[in-house]
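Colleague: I'd like to learn how to read a predicted fold feature by feature. Can we put the model up and go through it together?

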Amino acid sequence: DVVTESLGGGLTEIRMSSGVLEALLALRTFLFGAVYENDVATAEFRKASDILTGLWEKIRERPTEFLDVRTVEQEGLDAATRDFVAGMTDRYAVRLFE
């Protein structure tokens with residue numbers, strides 16, 4: 001719709017039809033209410049952030065328990081920790097945190 005409408009307007013600006021714009025605005029309203037500003041969802045975001053922060057700190061305090069020494073030597077502690085945490089599944093991260 002955006003491509004078609006923009007081409008139809010001579011490419012002077014990016015456009016969309018009024019129906020698509022209305023649907024987009026309705027979706028945006030829904031997402032803000034249900035996800036971005038929802039108390040339950042934001043509490044989960046805080047929980048996840050706390051878990052990741054806790055893991056980051058603990059791994060950096062005791063890298064030999066969690067990280068490959070060669071990786072730390074070659075890439076540095078921050079990169080090795082980042083890659084280790086990034087490779088975790090949610091379930092593993094929660095279990096390790098606990």
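Modeller: The scale calls a residue buried under 20% relative accessible area, exposed over 50% and partly exposed in between, using a 1.4 Å probe and protein chains only. Keep in mind that this is a predicted model, where local features need pLDDT of at least 70 and side-chain atom pairs count only at pLDDT 80 or more, while totals for chains, interfaces and linings use all residues. Residues are numbered from 1 along each chain as its sequence is written, and side-chain values use heavy atoms, with hydrogens and water left out.

Colleague: Which residue forms a salt bridge with Arg82?

Modeller: Asp83 does, and the closest N and O atoms of the pair are 3.1 Å apart. The rule for a salt bridge is a side-chain nitrogen of Lys or Arg within 4 Å of a carboxyl oxygen of Asp or Glu. Asp83 is partly exposed too, at 40%.

Colleague: How many salt bridges does the structure hold?

Modeller: Six. One of them joins Arg60 to Asp78, with the closest N and O atoms 2.6 Å apart. Arg60 sits in helix H3 and Asp78 in helix H6, so this pair ties together parts that are 18 residues apart in sequence. (Helices here are DSSP runs of H or I with at least four residues, strands are runs of E with at least two, and both are numbered from the N terminus.) As for cover, Arg60 is partly exposed at 32%, and Asp78 is partly exposed at 43%.

Colleague: And Arg15, what does that residue form a salt bridge with?

Modeller: With Glu13, where the closest N and O atoms are 3.2 Å apart. Glu13 is partly exposed at 45% relative accessibility, and Arg15 is partly exposed at 32%.

Colleague: On to empty space. What's the general idea?

Modeller: You roll a probe the size of a water molecule over the atoms, and that shows where empty space is left. On a 1 Å grid over the protein atoms alone, a cavity is a set of points where a 1.4 Å probe fits but cannot get out, whereas a pocket is an open set with protein on both sides within 12 Å along at least five of seven lines.

Colleague: How much space lies in the largest pocket?

Modeller: About 240 Å³, where a volume is the space filled by probe spheres set on the grid points, which are joined across faces, edges and corners. There are 13 residues lining this pocket, and Ala48, Ile51, Asp90, Ala93 and Val94 lie nearest its centre. The elements giving two or more residues to that lining are helix H3 (39–61), helix H6 (77–86) and helix H7 (90–97). A lining residue has an atom within 4 Å of a point.

Colleague: Which element gives the most to that lining?

Modeller: H3, with six residues. By class, the lining has nine nonpolar, one polar and three charged residues. For those classes, Ala, Val, Leu, Ile, Met, Phe, Trp, Tyr, Cys and Pro count as nonpolar, Asp, Glu, Lys and Arg as charged, and the others, Gly among them, as polar.

Colleague: Which residues form the nonpolar patch on the surface?

Modeller: Val2, Ile14, Met16, Val20, Leu21, Leu24 and Leu25, with about 590 Å² of accessible area together. (Patch members have over 30% relative accessible area and no salt bridge; like charges are joined within 9 Å, and nonpolar side chains, meaning Val, Leu, Ile, Met, Phe, Trp and Tyr, within 5 Å. The areas come from the Shrake-Rupley method with a 1.4 Å probe, and for residues only the protein chains shown count as cover.) Helix H2 (residues 18–36) gives the most to this patch, with four residues.

Colleague: Where does Val20 lie?

Modeller: In helix H2, and Val20 is partly exposed at 34%. Met16 is in the loop between H1 and H2 and is partly exposed at 31%.

Colleague: What about the backbone, say the phi of Leu11?

Modeller: That phi is positive, about 60 degrees, although Leu11 is not a glycine. Leu11 is in the loop between helix H1 (2–8) and H2, and is exposed at 60%.
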